[in-house]
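Reader: I would like to learn how the features of a structural model are read, one feature at a time. Could we begin with a single residue and its surroundings, and then widen the view?

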Amino acid sequence: MLAISYILLKKSPTSPSLRRFAWGVSGGSITGLQNFLKDGLIILKAVKAEDDDMQSFPWYFPLMVFLGCATAFGGLFCLTACMKRYDATFSSATFVGSFVISTS
């Protein structure tokens with residue numbers, strides 16, 4: 001979805017309907033990658049069940065937390081940029097549609 005959005009934004013700057021579609025879809029696709037957040041919480045639960053002192057986090061736990069925050073805020077940044085440029089109803093509909101597709 002992100003590749004399609006990139007192509008639409010770069011290759012067809014004259015079509016405003018494709019541009020606003022690409023803005024909404026790119027925000028939803030980025031936000032739909034919330035697997036980092038889920039995986040970080042699973043790691044936290046596994047370490048908590050295994051150790052009582054909570055000192056043995058794996059090296060990739062901070063990476064999962066950072067990527068979870070980055071995808072959430074990055075997608076919302078694209079959504080707000082789209083809503084500033086185009087109609088909010090259309091922007092939110094494309095955002096939610098691509099969010100559902102990329103999450104499932």
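Author: Let us begin with Ser91, which touches Gly24, Leu79, Cys82, Met83 and Tyr86 when residues up to four places away in sequence are not counted; a contact here means heavy atoms within 4.5 Å. Ser91 is found in helix α5, where helices (H or I, at least four residues) and strands (E, at least two) are DSSP runs, numbered from the N terminus. This is a predicted model, in which local features need pLDDT of at least 70 and side-chain atom pairs count only at pLDDT 80 or more, while totals for chains, interfaces and linings use all residues. Residues are numbered from 1 along each chain as its sequence is written, and side-chain values use heavy atoms, with hydrogens and water left out.

Reader: Is Ser91 buried or exposed?

Author: The general idea is a set of cut-offs on relative accessible area: buried means under 20%, exposed over 50%, and partly exposed in between, with a 1.4 Å probe and protein chains only. Ser91 has a relative accessible area of 0% and is therefore buried. Ser104, which lies in the segment after α5 (88-103), counts as exposed because its relative accessibility is 78%. The C-alpha atoms of Ser104 and Leu33 are separated by 9.9 Å, although these residues are 71 apart along the chain.

Reader: What pattern does the protein chain follow along the sequence, and how much of the chain is buried?

Author: The pattern is α-α-α-α-α, with 5 helices and 0 strands. Of the 104 residues in the protein chain, 29% are buried. Among contacts between residues at least 6 apart in sequence, 66% join residues at least 24 apart. The chain exposes about 6800 Å², of which carbon and sulfur atoms supply 71%; such areas come from the Shrake-Rupley method with a 1.4 Å probe, and for residues only the protein chains shown count as cover.

Reader: How is the span of a helix checked, and what does α2 show?

Author: The expected span is 1.5 Å times one less than the number of residues. Helix α2 (residues 16-31) has 16 residues and should therefore span 22 Å, which agrees with the 23 Å between its end C-alpha atoms. Helix α4 (residues 61-85), with 25 residues, reaches 37 Å from its first C-alpha to its last, close to the expected 36 Å.

Reader: Which residues of α2 and of α4 are buried?

Author: In α2 the buried residues are Ala22, Trp23, Gly24, Val25, Ser26, Gly27, Gly28, Ser29 and Thr31. In α4 they are Phe61, Met64, Gly68, Thr71, Gly75, Cys78, Leu79, Ala81 and Cys82.

Reader: Which residues does Phe95 touch, leaving aside residues up to four places away in sequence?

Author: Phe95, which lies in helix α5, touches Gly24, Gly27, Gly28, Thr31, Gly75, Leu76 and Leu79 under that condition.

Reader: Where does Tyr60 lie, and which residues form a nonpolar patch with Tyr60 on the surface?

Author: Tyr60 lies in the loop between α3 (35-50) and α4, and counts as partly exposed at 32% relative accessibility. Trp59, by contrast, is exposed at 71%. Tyr60 forms the patch together with Trp59 and Leu63, with about 370 Å² of accessible area together. Patches are made of residues with over 30% relative accessible area and no salt bridge, where like charges are joined within 9 Å and nonpolar side chains (Val, Leu, Ile, Met, Phe, Trp, Tyr) within 5 Å; a salt bridge is a side-chain nitrogen of Lys or Arg within 4 Å of a carboxyl oxygen of Asp or Glu.
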